[in-house]
Amino acid sequence: QALSNLATLDLSKCPRIMDSGCDIIGAMPNLTQLNLSESSITDNGLFALLPLMQLTSINLRRCTRITSTGFGKLCTLTRLTDVNFSRCRSVDDQVVSLLSELPYLTSINLRMCESITG
C-alpha cells in the first residue's frame, strides 16, 4: 500500500482536511507522529485514527469540531508520549483524567483549553 512506511505526517493548517481524509491516514500502520492542527475533523475522523497503534505524538491544536468524547477515545492509543490539544474548547477535566492514565506520556499541551476547571 502507498505510504505504508510513512512515520511522520504534518497536515497542520490544512482546513480542508476532513473526516474522509482520516480514513486514509488511519491505514498508515507505521505512523508515529501526526499533526492535524487547525483541520476540520470531527469525532468520526478521530475514530478512523484509532488503528494507529504506533502513534507516539499527535497535535490537534485548534481542532474545534472534536468533542470531549473524541479526545477521550484517543487515550486508547497507549504509546502516546506527546499530545497537543491546545485551544480545543471541548477538552475538559474528564479528558485530562484519561490522559493521566497514558503510561508513556511525557508532554501535554492544554494551553487555552477553557473547559478545564481543576
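Two strands pair if DSSP finds at least two bridges between them. Strands (E, at least two residues) and helices (H or I, at least four) are DSSP runs, numbered from the N terminus. In this predicted model, local features need pLDDT of at least 70, side-chain atom pairs count only at pLDDT 80 or more, and totals for chains, interfaces and linings use all residues. Residues are numbered from 1 along each chain as its sequence is written, and side-chain values use heavy atoms, with hydrogens and water left out.

**Sheet**

Strand β3 (residues 57-59) runs parallel to β4, joined by 3 bridges. Ser-57 stands opposite Asp-82 in β4. Both strands belong to an open sheet of 5 strands. Its order is β1-β2-β3-β4-β5, with parallel pairing. β1 and β5 (107-109) are the edge strands, each pairing on one side only. Neighbouring strands are turned by 5° against each other on average, direction ignored. Here axes are lines fitted to C-alpha atoms, for helices over the stretch in contact, and angles run from 0 to 180 degrees between N-to-C directions.

Contact means heavy atoms within 4.5 Å. Leaving aside residues up to four places away in sequence, Ser-86 touches Arg-61, Arg-62, Asn-109, Leu-110, Arg-111 and Cys-113. With its neighbours within four places left out, Ile-17 contacts Leu-11, Leu-36, Ser-39, Ser-40 and Ile-41. Ile-17 and Leu-36 are 19 residues apart in sequence and 8.1 Å apart in space, C-alpha to C-alpha.
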